Amino acid sequence: MRLTALLLLGAAANATPVMAQQALAPAADDQGDTHAQTPKQIVVTAAFNRERADIISGVSVLQGQELAQAIRPTIGETLDRTPGVSATSFGPNASRPVLRGLQGERVRILTDGIGAFDVSNTSADHAVVIDPLLAERIEVLRGPATLLFGSSAIGGVVNVIDKRIPRVVPDEIAHVDAMATYGSAANERSIGAAVDVPVGKQFVVHADGSYLKTGNLRVGDYVLAPSARAVALANAGTETDDQLDEGVDFAGNAALRGRLPNSAAETWTAGVGAALITDTGNLGISYSHYDSLYGIPTRYAIRPGEEQESPRLDVAQDRVDLRAEVETGGGFLKSIKARAGFASYRHFELEPDGGIGTAFYNKGLEGRVELVQADRGAWKGASGVQYFARDFNVIGDEAFLPKSSTQQLGLFTLQQIDLGALKLEGGARYEHTVLEAKPLPDQPQFFNGKRSFDTFSGSAGASLGFADGWRFGVNLSRTVRAPSAEELFANGPHAGTQAFEVGSPDFRTERAWGLEGVLRGSGPGYTLEASVYHNWFDNFIYESLTGAVEDGLPVFQFTQGRARYYGFELQGTVTLAKVGGFDVVADGVADYVHAEIVGVGPAPRIPPLRLLGGLGLKGEKVDLRGEVEWSDSQPRLANFETPTASFTLVNAEVNFRPWGNERPLSFALSANNIFDVDARRHASFLKDFAPLAGRDIRVSARVSF
C-alpha cells in the first residue's frame, strides 16, 4: 500500500489550498504505479472514473503532495482548509468534516466506498475511526454521485481511499514506505511504515502499521474564550459545595493559559491485506485494528451548579474488508464490482479513576454491488444495490440512547451522456430503512418499537463547455433522508456535548431541494473554480434549547422545521513569473454559508466567511510557501450559542528533495500559526473551552523505495 500520505504526517504540515497544490505538483502517468508522485485528477468515488473537470457539482480531491501537506491525525483537521469544508474541532483528537455548514448524519464518511462503522455521527466527541495517515487520496463529492452511497449524504460524501487491499503488483522484490514526524505544539511523535510484497506475477501481500503519541496541545492564549472567562471571573467565589468537592475553581479556570488540559492522545493501527490481480479483475481481503486512548478537553464550569468533567475515551475496532471486480467484456455490462466490510467497534468513556463510566458498542455490516454498463456511444452509467446493518448499544449511567438496530437497503443508478461540449448527468436512489429501539426493562424513558421509511431521491445536471478550458454546469437535486436512530430515540444526559438530548420517534423524513451552479476554467498558468448553491429543507431536524434543565444539564429537543442554506466557494491559482528555475505561484480560497431556520433564526454552528491566500516558489528540489488565512467573526447565533471572534493565521513551509523527483526521499519544515493567535471554530461544540493549536513547528522525513 502506498503510505506516502500516511507517512507524510505533517510533511510541511500546512493545509495548502487544493487547486494551488494541483498546479504545483507534477502528474503521474499511472494511478496504480507504486512510485507515482501525484496521480492524475481522476475522481474514483463513483462506479466509473471521471475527470474532475467534467463533474457537474462541487468536488475536491486531495492526493499526493497536497494531501501530504494537509495531513493531520483527524479527517476534519486534514480537510479543514478545503473549499466549503470546516471541522467540528472537538479538541485535537475528535474532529469530523463540516460540509457547507452541514454535519453529522448529513455527511457520509467512507473508507474506499464503505462506511467507518464507528459512532462519530452520534456525538462530536467521538473520533472517526478512519486513519487519514493511511490515505492515498481523499475525495469530497456533492451532486448526483453521492446517491451511490446513501440518501443521508445531503451535505456530501468524504471518501478516504487507501491501498490496504492492494490494487497493483509491485515490479520489485518489495515496496516500502516509511516516515517519521515531530510536531512541537503537542510534542507530537509519529512513525509509520508499510510494505507490499509480490508473490508471483498476480498475487501481492501487504502489511502496515503506525504509531502516534501526543501531549497536551499548546494554545496561543487563554483556554477559555473571553466571554467564558468573563462569566467565570464574575462568579468567582460562588462555587457550590458539590463543585468545591470536585475541585472546581472559577477563577482558576479563567486563569488557564498556554496548554489545553486533557488533550493528549496515543493511537496505533495495524493492518494486513492480500489481493489476486489479473488482467480482467481482482479479488482482495484485508484485516485491520485501530486502537486509541485520547482525552476530550474539559468543558470547564463557569457558573454555580455546572458540572466539570475531563473524559478520556478508550477506542478499539477490528475490521475486515473485501473488494472484488471482474471485467465481463460483454455488450451490456463492462464490469461488476463488489465491496463489503464488517467491523466490531467499542469505546469506553473513562472516569478520572480509570473506571468505565459509559460504554458504546457498535457492530456494522455494509455491502454493495455495482453493475457498470458498457459504453454505448455517448452514454455510460452504472447501477447497483447496497445493504447496511448496524447494531448499537450504550451501557452506563449516561446512556442517552437505547439499544437499537438499523437496516437499510438501497437501489441506485448514475447515468451520464457525453456530447462533447454538452454533458448530461443524472442519478436516482430508492431506500428502505427500518430502525428499531430495544430498551432494557429498567429504561422506561426510551421509546420501544420500530419506525420504517421508504425514500426516493434524484439528481440531474448539465454542463456546457463554452470556451477552450472553460465549462459551466448546473445541478438540481431532490433528496429525502430518513431520520437516524439518534434523532428518533435519544432521551438522556449526554456528557460529551453537556446536554440532555431528547429526540422524537414521530419524526417524518427530511426533504431537500438543492440547486448548484459550477464554473471551472484553466489556461496557461492559471486555474479558477467557483460554485454557488442553495438548499431548501422541509422537516429539517435541528436542536432547540427548551430552557428546561434535567440532571443538571440544559435540555436540547430535536425539532423539525423549514431551513434555507445558501453560499459560495471560490478558489484559483495563477503563475506570476518564472525566476531562477522557480515558478512563482499565487493562490486563493474563499467560502461562505448562510443558514436559517425559517421562523426561528440562524441555524446553529455555521462557519463564517473565510479567505485564504498563499504565495509560493516551486522548484525541482525545493518548494517554499507562505499562507495567510482569515476567518470572520460569527455574530449570527442560534439561541444557545455564543459569538465567535475573527482570527488570522500565518503559516510557512519549506520542502526539500535532495534528488528532485528522481528518488523518493524528502524532508519538510513548517511553521503553523506563527504569531500564536487565539483561534476558535464556530462549528465546534467546544469552541469556548478548546481553541485551535498555537504556534506549531513541524519537521518530517520520508522515504519510499
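Residues are numbered from 1 along each chain as its sequence is written, and side-chain values rest on heavy atoms, with hydrogens and water left out. Because the model is predicted, local features require pLDDT of at least 70 and side-chain atom pairs count only at pLDDT 80 or more, whereas totals for chains, interfaces and linings use all residues.

Salt bridges were assigned where a side-chain nitrogen of Lys or Arg lies within 4 Å of a carboxyl oxygen of Asp or Glu. The count under this rule is 40. One of these salt bridges is formed by Arg 339 and Asp 321, whose closest N and O atoms are 3.0 Å apart. The two residues lie in distant parts of the chain, 18 residues apart, with Arg 339 in strand S18 (residues 333–350) and Asp 321 in strand S17 (residues 312–327); helices (H or I, at least four residues) and strands (E, at least two) are DSSP runs numbered from the N terminus. Relative accessible area, computed with a 1.4 Å probe on protein chains only, defines residues as buried under 20%, exposed over 50% and partly exposed in between. Arg 339 has a relative accessibility of 9% and therefore counts as buried. Asp 321, at 7%, is likewise classed as buried.

A salt bridge also joins the side chains of Arg 610 and Asp 591, at an N to O distance of 2.5 Å. This pair again links distant parts of the chain, 19 residues apart: Arg 610 belongs to strand S32 (residues 610–618) and Asp 591 to strand S30 (residues 582–597). Arg 610 is buried at 8% relative accessibility, and Asp 591 is buried at 7%. Both residues belong to one network of salt bridges with shared partners, which comprises Glu 77, Asp 80, Arg 81, Asp 587, Asp 591, Arg 610, Arg 625, Glu 627, Glu 629 and Arg 681. A further salt bridge connects Lys 618 with Asp 623 at 3.2 Å, N to O, and these two residues are both buried.

Strand pairing was examined next. Strands of a sheet pair through backbone hydrogen bonds, in either a parallel or an antiparallel manner. With pairing defined as at least two DSSP bridges between two strands, 5 strands form an open sheet of mixed pairing in the order S3-S8-S9-S6-S7. Strand S3 (59–63) and strand S7 (114–115) are the edge strands, each pairing on one side only. Within the sheet, strand S8 (residues 137–141) and strand S9 (residues 156–161) run antiparallel and are joined by 5 bridges. Glu 139 has Asn 159 in S9 as its bridge partner.

Glu 516 is located in strand S27 (residues 510–523) and is buried, with a relative accessibility of 6%. A polar contact of 2.9 Å connects its side chain with that of Arg 100; such a contact is a pair of N or O atoms within 3.5 Å, of which, within protein, one must be able to donate a hydrogen and the other to accept it, and residues adjacent in sequence count only if both atoms are side-chain atoms. Beyond residues up to four places away in sequence, Glu 516 touches several residues (contact: heavy atoms within 4.5 Å), among them Ser 57, Gly 473, Asn 475 and Tyr 533.

Aromatic pairs were defined by ring centres of Phe, Tyr and Trp (its six-membered ring) within 6.5 Å, with planes under 30 degrees apart counted as stacked, over 60 as edge-to-face and the rest as tilted. The structure contains 11 such pairs. Phe 537 and Tyr 565 form an edge-to-face pair, because their ring centres are 5.6 Å apart and their planes lie at 70°. Phe 537 lies in strand S28 (residues 526–550) and Tyr 565 in strand S29 (residues 553–579), so this pair ties together parts 28 residues apart in sequence. Both residues are buried. Phe 540 and Tyr 565 also have ring centres 5.6 Å apart, but their planes are at 50°, so this pair is tilted. Elsewhere, Phe 360, Phe 392 and Phe 400 make up one aromatic cluster.
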